[in-house]
Amino acid sequence: MIASLKKLYDNRTSDKFATLTLPNGETIQFPMYSGSLGPDVIDISPLKKADLFTYDPGFVATASCSSAVTYIDGNKGELLYRGYPIEQLAEKTTFLQTCYLLYNGEMPTEAEFQTYRAEITRHTMVTQRMADFMKGFDSAAHPMAVMIAVVGALAAFNHEWTNVKSSRSRQKSAALLVAKMPTIAAMSYKYSIGHPFMYPQNSYGFAENFLYMMFATPCEPYRPDPILVKALNRIFILHADHEQNASTSTVRLSGSTNANPFACVSAGIASLWGPAHGGANEAVLKMLNEIGSPDNITAFIEEIKSGKSGRRLMGFGHRVYKNFDPRAHVMRNTCHQVLEHLKLEDDELFRIALELEKIALEDEYFVERKLYPNVDFYSGIVLRALNIPTTMFTAIFAIARTIGWVSHWNEQHTDPEFRIGRPRQLYLGSKKRDLK
Ligand code: SDX
C-alpha cells in the first residue's frame with residue numbers, strides 16, 4: 001500500500017536557508033526544502049513572527065502542500081503519475097489500473113487489481129431514490145449542474161462512509177465516487193434526451209460501461225466499438241490527475257475543513273466547470289465551429305492577438321506547461337486513430353484544428369508567451385467523433401479527474417502538516433470609520 005506522506009517527509013531535505021532583509025535592516029531566515037523532483041520551496045512560516053504576508057494572486061509561485069501523487073515538469077513537458085510517464089500509462093494500462101496506482105501509489109498485482117475492479121464494479125449502480133432525485137431537474141439542465149447536485153447528495157445516501165479520519169472509510173468513499181460518477185453522468189445525459197436510464201453492465205470495462213450507459217437503449221442489444229472504447233480509456237487516463245490544478249486545489253481546501261468526500265468532490269466538479277479549466281474542451285469545439293474554415297484562421301488569430309475582444313485561443317496555454325502538454329500529443333494521435341477508424345479523416349474541424357495549431361506555433365505572439373496546445377485542444381474533437389454531445393465534454397473530464405481528486409483528498413489526511421486552509425489578503429478597503 002501507499003508510502004504514507006509522513007514517511008516521505010523524511011525524504012525532504014532542508015539543509016539550505018534563504019534570508020530576507022527587511023527595509024528596517026532586520027533579517028529573517030527561511031528553511032528551504034528539496035523534493036524528489038522539481039524546484040526547491042521556501043518555507044515562509046517564519047514570516048508569522050514579522051506580521052508580514054506573502055502576496056501571490058493565482059498562486060503562480062506558491063506550493064500549497066507536499067504531495068507524492070503527480071509531478072509535472074512544465075519546461076520539459078513531462079507528466080508523471082506516481083513516477084510513471086503519462087505516455088506509458090496511456091499506452092499500456094486501463095483506466096482502473098491507473099486509478100489504483102494514483103490512489104495507492106503502486107501498480108496493482110493481478111490479485112490486487114481483481115479485488116479493486118470487483119469493488120468498483122459492485123458500486124456502479126445508484127439507488128433508485130437517486131434516480132427519482134434526478135427527475136427534479138429541468139431536462140435542459142447542463143449535466144455539470146446535475147452532477148454537482150447529485151454527487152453532493154451522495155453524502156445523504158452513504159452517510160456511513162463519511163468518517164474522513166478513517167483510512168478504510170476514505171478508501172470506500174473514494175471507490176464509491178469513482179464507481180458512480182460514470183453512472184450519474186450517463187443518467188444526466190439520458191434524462192436530458194428523455195430516454196430511460198441504462199443500468200451498468202458488470203461484465204463491461206469502465207470505459208465500455210460508460211459508452212453503454214450513454215448510448216444503449218432497452219430496445220436492442222448494444223456493444224460499444226472496441227476502438228472507441230480504447231480511445232475513451234485513454235482520454236480517462238490523460239485526464240485522471242494533474243497536481244494542484246484549480247479543481248484539485250478546491251477539493252483540498254474543502255477537505256482541509258474535514259468536509260465529507262462527496263461534498264469535496266462536488267466542489268471540485270463546480271470548479272472544473274469553468275471554461276478556463278475543465279470547460280475548455282467544450283469551448284474549443286465552439287471556437288472551431290465559429291472559425292468554420294481553414295481560410296478564416298489567420299483573421300481569427302489576429303483578433304485574438306489584438307486583445308480587443310479579450311478572447312483567448314481555447315485549448316492553448318497552461319499555467320505550468322511552457323512547452324507541449326504531453327497529453328496533447330497523445331490526444332492528437334488518438335484523434336488521428338479514431339477519425340481514421342470512423343473514416344472521418346477529412347473531418348473539417350480536425351483539419352481546422354491541425355492548421356490552427358500549425359499557424360499558432362509559428363506565430364511570435366504565441367511563441368514568446370510559450371503558449372502550446374493543452375490537453376483540451378484535441379479532446380473535444382475525439383469526443384465529438386465518439387458522438388458525445390458537447391455539453392457532456394466536461395462531465396467526462398470530471399469522471400476521469402475524480403480519481404485525482406480523491407487521491408489528493410486521501411493524501412492530505414495522511415499529511416503531518418494537515419490544517420485548515422485559510423489564506424490572508426492585502427486589504428485595500430476603507431479605514432475604520434463611524435456611522436453618522
Ligand atoms: C486545464 O492547471 C491545470 O493543470 C489545468 C489542467 C488540468 O489537467 O487540470 O491542465 C486542465 O485547465 C487546461 C487549460 C484549459 N484552458 C484553456 O485552454 C483556456 C485558454 N487558456 C488560458 O486561458 C490560459 O492559458 C490558462 C488559464 C490555461 C493559463 O493562464 P495563466 O497561466 O494565468 O496565463 P496568463 O493568463 O497569465 O497569460 C499569460 C499571457 C497573457 O498575455 P499578456 O498579458 O502577457 O500579454 O499569455 C496570454 C495572456 O493574454 N495567454 C493567451 C492564452 N493563454 C494565455 N493568449 C491567447 N490565448 C490563450 N489561450
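Which residues of helix H10 are buried? Before I answer, a word on what you are looking at. This is a predicted model, where local features need pLDDT of at least 70 and side-chain atom pairs count only at pLDDT 80 or more, while totals for chains, interfaces and linings use all residues. Residues are numbered from 1 along each chain as its sequence is written, and side-chain values use heavy atoms, with hydrogens and water left out.

Now the answer. In H10, residues 246–255, the buried ones are Ser247, Thr248, Val251, Arg252, Ser254 and Gly255. Buried means under 20% relative accessible area, exposed means over 50%, and partly exposed is in between, with a 1.4 Å probe and protein chains only. Helices (H or I, at least four residues) and strands (E, at least two) are DSSP runs, numbered from the N terminus. What do the buried residues of H10 pack against? They pack against helix H11 (261–272) and helix H18 (393–412), where contact means heavy atoms within 4.5 Å.

Next, the strands. S1, S2 and S3 form an open sheet in that order, with antiparallel pairing. Strand S1 (13–21) and S3 are at the edges and have a single partner strand each, so one side of each has no neighbour in the sheet. Two strands count as paired if DSSP finds at least two bridges between them. Strand S2 (residues 27–34) and S3 are joined by 2 bridges, and methionine 32 has isoleucine 42 in S3 as its bridge partner.

S4 pairs with strand S5 (residues 78–81) in the antiparallel sense, over 4 bridges. Aspartate 73 has glutamate 78 in S5 as its bridge partner. The hairpin of S4 and S5 has 4 residues between the strands, and there glycine 77 takes a positive phi near 70 degrees. In a regular strand the side chains alternate between the two faces of the sheet. In S4 both faces are covered: Thr70 and Ile72 are buried on one side, Tyr71 and Asp73 on the other.

Most residues other than glycine have a negative phi. Where does this model depart from that? Arginine 82 has a positive phi of about 50 degrees although it is not a glycine. Arginine 82 lies in the loop between S5 and strand S6 (84–85) and is buried, at a relative accessible area of 14%. Phenylalanine 59 also has a positive phi, near 55 degrees. Phenylalanine 59 is in the loop between S3 and S4, and at 55% relative accessibility it counts as exposed.

Tyrosine 55 is in the loop between strand S3 (41–42) and strand S4 (70–73). Tyrosine 55 is exposed, with a relative accessible area of 61%. Tyrosine 204, in the loop between helix H7 (167–192) and helix H8 (206–215), counts as buried at 11% relative accessibility. Leaving out residues up to four places away in sequence, tyrosine 204 touches Arg117, Asn209, Tyr212, Tyr222, Arg223 and Pro224.

Last, the charges. How many salt bridges does a search of the whole structure find? It finds 17, a salt bridge being a side-chain nitrogen of Lys or Arg within 4 Å of a carboxyl oxygen of Asp or Glu. One of them joins lysine 286 and glutamate 282, at 3.3 Å from N to O. These two are 4 residues apart in helix H12 (residues 280–291), which means about one helical turn lies between them. Lysine 286 is exposed at 51% relative accessibility, whereas glutamate 282 is buried at 9%.

Another salt bridge is between aspartate 363 and lysine 305, with the closest N and O atoms 2.7 Å apart. This pair links distant parts of the chain, 58 residues apart: aspartate 363 is in the loop between helix H15 (348–361) and helix H16 (364–368), and lysine 305 is in helix H13. Aspartate 363 is buried, at 13% relative accessible area, while lysine 305 is partly exposed, at 27%. Finally, salt bridges that share partners join Glu119, Arg168 and Lys172 into one network.
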